[in-house]
Amino acid sequence: MKTTSSRARTLACALLAGTFYGAVAATSAQAQGAPTFRTLDGNGVDLVKGDFLTSFPEGSIGSGEAELVLLRMVGAIGGNGTRATSQWDHILFSVTSTAAYVDFGSRMDTFPGAESRGAALSGSGDSYAYRSADGTVIDFTDPSPGDDTTYCNGSVQSFCVLLPTTITSPDGKVVTINYAFSHICINQPPPQNPDEEPAPPVCQNTARIASVTNSFGYEIRFAYASAPVTSGTVPASFHQRTGASFYNVNASSSPLASVSYSYPSTGVTDVTDTGGDVWRVTSSTSGH
């Protein structure tokens, strides 16, 4: 069976203990039910909740401080309704009439309240910045094509969300998350009174991560089973990853390594990492 390196486990735990969003599926009730803290033992078991949370590296590019690592998160993730499984996929910001939530899928910080633990939140409208106790800053914005009132826009909204777009480490390294959207708008019926203005279309933007870059020129680009759509319904294949390619954009336009994904049965994913090893991941376990 594969084992997770101590470096990768440390990075994953830092993201989860201190620190994507497939579609707007989170609710304020889900956010309020997420744990504030995680207390993981050496095997990834939460000593308080009793659930399991760990990771393994699918691949990386660069070295030292410049390294860009793709981690597969396994276990108790995705509590906010998000899809996919990297360390970036489950970060989501949401605002209700009473609180703001920075949700990491496995845990969350609530404002007001998180200030007492050294975290901070600033911003308004469609732009917020979250600072964790260790100095990591996550910028949340609306990178969508617009016209979807589920995203925060500064108006009076009972619930809205924003996506993470940059993560700045205390050492100054910046990771940028880039998105692709299925953008579907449905026209409303014309008004019965011809003197009335027609209602605007109702639009929905469904997001997935297209690529992740860092400030050293390294990039991970994701491939999916289907392209974005502009009509009908968004297929499940829109979120199904088929691969990830690793680039040094300062040196070459060709990928230097790749990861592939296959789905042999329901709930099972086979990950072929950059070293050619195959990991089998189910909803609760990972193996070779």
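This is a predicted model: local features need pLDDT of at least 70, side-chain atom pairs count only at pLDDT 80 or more; totals for chains, interfaces and linings use all residues.

User: How many disulfides does the structure hold, and what pattern do they follow?
Analyst: The structure holds 2 disulfides. Counting bonded cysteines along the protein chain, the pattern is 1-2, 3-4.

User: Which residue does C152 pair with, and what is the handedness of that disulfide?
Analyst: The S to S distance between C152 and C160 is 2.1 Å, within the 2.5 Å cut-off, so these two are joined. The torsion about their S-S bond is about 90 degrees, so the partner is C160 and the disulfide is right-handed.

User: Is C160 buried or exposed?
Analyst: Buried means under 20% relative accessible area. C160 has a relative accessible area of 5%, so C160 is buried.

User: Which strands does the disulfide between C185 and C203 tie together?
Analyst: The sulfurs of C185 and C203 sit 2.0 Å apart in a disulfide. C185 lies in strand 10 (residues 174–186), while C203 lies in strand 11 (residues 202–214), so the bond ties together parts 18 residues apart in sequence: strand 10 and strand 11.

User: What is the torsion about the S-S bond of C185 and C203?
Analyst: This disulfide is right-handed. That follows from its S-S torsion, which is about 110 degrees.

How values were computed:
Residues are numbered from 1 along each chain as its sequence is written. Side-chain values use heavy atoms; hydrogens and water are left out. Buried means under 20% relative accessible area, exposed over 50%, partly exposed in between (1.4 Å probe, protein chains only). Helices (H or I, at least four residues) and strands (E, at least two) are DSSP runs, numbered from the N terminus.
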